[in-house]
Amino acid sequence: MKKIHGMLALFDTAPAIYQAANTVREAGYKQWDVFTPFPVHGLDGAMGLKRSRVPLFTLVGGFVGFWTGMFIAWYMGAFDYPLIVGGMPYFSPVFPFPVAYEMTILFAAFGTLGGMFFFNRLPMHHHPVFNYEKFRRLTDDQFAVVIEAGDALFNEEETRRFLEELEPLEVVAVYEDEEAVSA
Amino acid sequence: MTTSSEVFAPSAAGAAGRRDPSLPFLIGGLVLLAVSIGLLFTGSAADPVRPFLGYLVGLTFWTSILVGMLFLVMIWWMFDSGWSVIIRRQMEFFLVGFVVIAVAFLPLVFLAISGSDVVAWTWIDETREKPGTFGMVAEDTLFLAKAAYLNVPFFTARYILIFAAWIGLAFLLRQWSFRMDETGDHKYVLWSRRLSAVGLFVAALVTTMAAMDWFMTLNYHWFSTMYGIWFFSASMRAALAATVLILFWQAGRKEGLRGLIQPTHFYFMGCLLLAFTVFWAYISFSQYFLIYSANIPEVTFWYNIREKSVDGSLNAWWWVSMALIFLHFLVPFLFLLFHKNKFGKPLIFIAVWILFFHIIDIYWNILPQKLSAEGLLGYTERGFVPHLTDLTAFLAVGALVIWAFLRSASKHRPIPIRDPRISESLNLHE
């Protein structure tokens, strides 16, 4: 027996998927997603998505980078091998500043990349929605909303009926892979 | 290009027949300007040029806002920017203020021509004490080497050139934009873009000249190739912060931008404010860093007097320097990193904050100078003490610039209704 991943409703136009996202959000579903071939302006608002938390990773990365740069300059110049260069002090926050600044940017970029991977659950080599036979249309000219089985309000019959009320092209159950179930 | 922009006919267009609210600004401004000019001659015997510097500080604050706006308008034309179109119009209103600045600057030029003792540019009078060491300016090798540039006739010519360029660019960009409201002819877009392509270079040149003439040569011994761009970066911050405040004022007016301006406009302005906060810090630090690394006394003294008295103890300017690093850069930088701070009250707060510390930055650049020659007993430097002229000149020029802005804003439409990109700006989406 295949395990159900969720219930998919297929739409033809961007306004239709926008309305569908509004309705699904208002119905109180939490675990669901929308698949579109291109970015649809305002869809994040219709879905009720909050702002990404990736910037937090960027900020933490930036701080770590700044202090790493300063620490390197202090450790080498003032602690491990003190050497007078150009009559400057062993350590001052002034001259290592370009180093700390570059490290800030580098580590902030690492933080952004790491945060993006973390929140997107990357790397993800496969997704059950790929099993949908018309998935390729979702990268071309059609739109879909998928309510996942893990949602508290999910009920195979009721969710199907709810999605059919949105007047989609079709409503299809999407199943997990069999290997994934046995594993 | 189409004339589809005619579809947008804001209810707030036109402003005929209302009472002129700008009159008190004109009267107050003129009175205060007269007071400020009178105060120029009240310097103490030990420091006769102090009121002159206060006048320069007040004038520079408003000049920097205008310079930044001129650059922003031209940059937006250059990049054919769509989102900024309704913001550009507010700046076009404000740009008329260059005329006020040119007039308010005249007393300083006349004093320089007359060789008066109250003028802070020491090089205008060759019989004055040269900065730092004993002797007269006329005997100073560093002055003689620069005398081809630092002389009153050429200085006056540069004053005319600087304001001719600023006012000329501002005048053409304003007139073409206003005329497009009436005729809907999009040739003005092409003209403005062509003018901006050349105008950016011209404005960069004369703005650098202004920064060198008016602030850097307060001590003509000192030189920094970063100085022009320091003034540019500070001006951009001031202009963005001032524009944010203008936008909030306009957003609340029915005849202004109420219902037209989106939160995203403020968000984008906040983003630019963050970018130029970093840019200002980058430029200011680079200037310090180069002088620190080279460690040549000819230029390091400029920073020395902003940190220490001659006996090595920290002076008041050291605290101002620290305030600039932490309060003019770090606080706005961290504050503006957050998405929610680029809207509404937080944005107003940080715009006011930046403008306040922008004055401090101007203070810090203009005021500290050695007051006496360096001898056995050392020197004294001018302290961080406010003077009445700082306030009166700031208020006088400000009132007159705001008067000019209000008059201009009451004569023309609050948005450029026939700009080909107006719909992009009105339907702005993050």
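Visitor: Which residues does Trp166(B) touch, not counting those up to four places away in sequence?
Guide: Contact here means heavy atoms within 4.5 Å. With residues up to four places away in sequence left out, the list for Trp166(B) is Thr63(B), Val67(B), Leu70(B), Phe98(B), Ala203(B), Val206(B), Thr207(B), Ala210(B) and Trp214(B).

Visitor: What pLDDT do local features and side-chain atom pairs need in this model?
Guide: Quick bookkeeping: residues are numbered from 1 along each chain as its sequence is written, chains are lettered from A and ligands numbered from 1 in the order in which they are written, and side-chain values use heavy atoms, with hydrogens and water left out. This is a predicted model, where totals for chains, interfaces and linings use all residues, side-chain atom pairs count only at pLDDT 80 or more, and local features need pLDDT of at least 70.

Visitor: Which residues touch the most other members of the largest nonpolar core, and which helix gives the most to this core?
Guide: A nonpolar core is a set of buried Ala, Val, Leu, Ile, Met, Phe, Trp, Tyr and Cys residues joined through side-chain atoms within 4.5 Å; buried means under 20% relative accessible area, exposed over 50%, partly exposed in between (1.4 Å probe, protein chains only). Of the 141 residues in the largest one, Phe105(B), Trp121(B), Trp166(B) and Trp214(B) touch the most other members. The element that gives the most, with 19 residues, is helix 2 (residues 50–78) of chain B.

Visitor: How many residues are in the other core, which lies apart from it?
Guide: Look over at chain A for this one, with Ile4(A), Ala21(A), Ala46(A) and Phe154(A) among its members. The count for that core is 24 residues.

Visitor: Where is Phe405(B), and how far in space is it from Phe93(B), C-alpha to C-alpha?
Guide: Phe405(B) lies in helix 13 (residues 388–411) of chain B, where helices (H or I, at least four residues) and strands (E, at least two) are DSSP runs, numbered from the N terminus. Phe405(B) is buried, at 4% relative accessible area. Its contacts include Phe93(B), Phe94(B) and Trp249(B). Phe405(B) and Phe93(B) are 312 residues apart in sequence, while their C-alpha separation is 5.4 Å.

Visitor: Why do the buried residues of helix 5 of chain A lie on the same side?
Guide: In helix 5 (residues 156–164) of chain A, the buried ones are Thr159(A), Phe162(A) and Leu163(A). They share a side because their arc around the axis, taken from the directions from the helix axis to the C-beta atoms, is only 95°.

Visitor: What do those buried residues pack against?
Guide: We stay within chain A here. The buried residues of helix 5 of chain A pack against strand 1 (4–11), helix 1 (14–26), strand 3 (143–148) and strand 4 (170–175).

Visitor: How much area do chain B and chain A bury between them?
Guide: Buried area is the accessible area (1.4 Å probe) that two parts lose on being put together, summed over both. The contact takes 13 residues from chain B and 13 residues from chain A. On the chain B side, Phe285(B), Tyr292(B) and His429(B) lose the most, together 44% of what that side buries. With 75% of it on carbon and sulfur atoms, the total is about 1,000 Å².

Visitor: Is Glu167(A), with its positive phi, buried or exposed?
Guide: Glu167(A) sits in the loop between helix 5 and strand 4 of chain A, and its phi is about 55° although it is not a glycine. With a relative accessible area of 70%, Glu167(A) is exposed.
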